[in-house]
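Work through the exercises below with the model in view. Try each task before reading its solution.

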Amino acid sequence: MDNKVAIQGIKGSFHHQVAQEYYEQEVIVDECLSFEELVDSLLSGKSDQAVMAIENSIAGPIIPNYALIDKNNLHIIGEHYLRIHQNLMALKGQKIEDIQEVHSHPMAILQCMEFLKKYPNIKLVEDKDTAETARRIQEKQLKGIAAIASKTAAEMYDLEILAPEIQTIKNNMTRFVIIKKENSFVPENEIRRASVKFELDHKRGSLAAVLNVMSDCKLNLTKIQSLPKIETPWKYSFFVDVTFEKYEDYAKAKSLLIIMAEYFKVLGEYKNTKE
């Protein structure tokens, strides 16, 4: 793939790993330190596609990212699941007893709280990116500071792993989506998953009716997340992911939901990689 892919974080980050696995080759990446910067990279044409974390099996959905995709009219064209292995790392020659502060992305800290609770004297500092923290420790030769990041980051930035696999739940998965400014054509017979957004009238049973339609049309609801509409008190937007065996079932549900919902929007229709 010759086109540039925007990732949140730098080389050695989990987003970088996903980009390599999804495209099955070394890709040219645009390193972005925030998801807003990642979206700007797409909108400005600096990158052609982007990798964005959307939910974690421990910490749950990353709601602001759904809102970013929606607000900027971006399209989800694919997904990728990554098993997350978090490691505590620092400059070579140090021990855990030497560490005063642990710096990492808030999501990484959250995923490792059981381990970190064993060291109440260590100060936890939230940072923008796991791999960037690892790089900074090496560049500035920061003693007494550890990072939580991937094994790749430790190798790339020549840090020593003081404690491997420190995530609380060993089967820790993050789901990433691949996004583009324009929709990509996926043949209907390959589409097995969709991400949609809808808004409903604030009356009893409106959500139940929608869920019944999905069930009747044989859609499997894999996630539903509500987000309040700031400009309209007590009204909610719902972000929903569904999987299905036949595209026709989904198409039927979609045609009914367009009529039932006050507002309906497709964020993406794509292959389901988690069978």
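**Exercise 1.** Find the salt bridge partner of lysine 235 and say which parts of the chain the pair ties together.

*Solution.* Start with the partner: lysine 235 forms a salt bridge with glutamate 262. Their closest N and O atoms are 2.5 Å apart. A salt bridge here is a side-chain nitrogen of Lys or Arg within 4 Å of a carboxyl oxygen of Asp or Glu. Lysine 235 lies in the loop between β13 and β14, and glutamate 262 in the loop between α9 (247-260) and β15 (263-270), so the pair ties together parts 27 residues apart in sequence. Helices (H or I, at least four residues) and strands (E, at least two) are DSSP runs, numbered from the N terminus. Buried means under 20% relative accessible area, exposed over 50%, partly exposed in between (1.4 Å probe, protein chains only).

This is a predicted model: local features need pLDDT of at least 70, side-chain atom pairs count only at pLDDT 80 or more, and totals for chains, interfaces and linings use all residues. Residues are numbered from 1 along each chain as its sequence is written, and side-chain values use heavy atoms, leaving out hydrogens and water.

**Exercise 2.** Decide whether lysine 223 and aspartate 241 are buried or exposed.

*Solution.* Lysine 223 is buried, at 8% relative accessibility. Aspartate 241 is buried too, at 0%. Now join them: a salt bridge links the two, with 3.1 Å between the closest N and O atoms. Lysine 223 sits in strand β13 (residues 220-228) and aspartate 241 in strand β14 (residues 236-243). Both belong to a salt bridge network that also includes Glu55 and Arg193.
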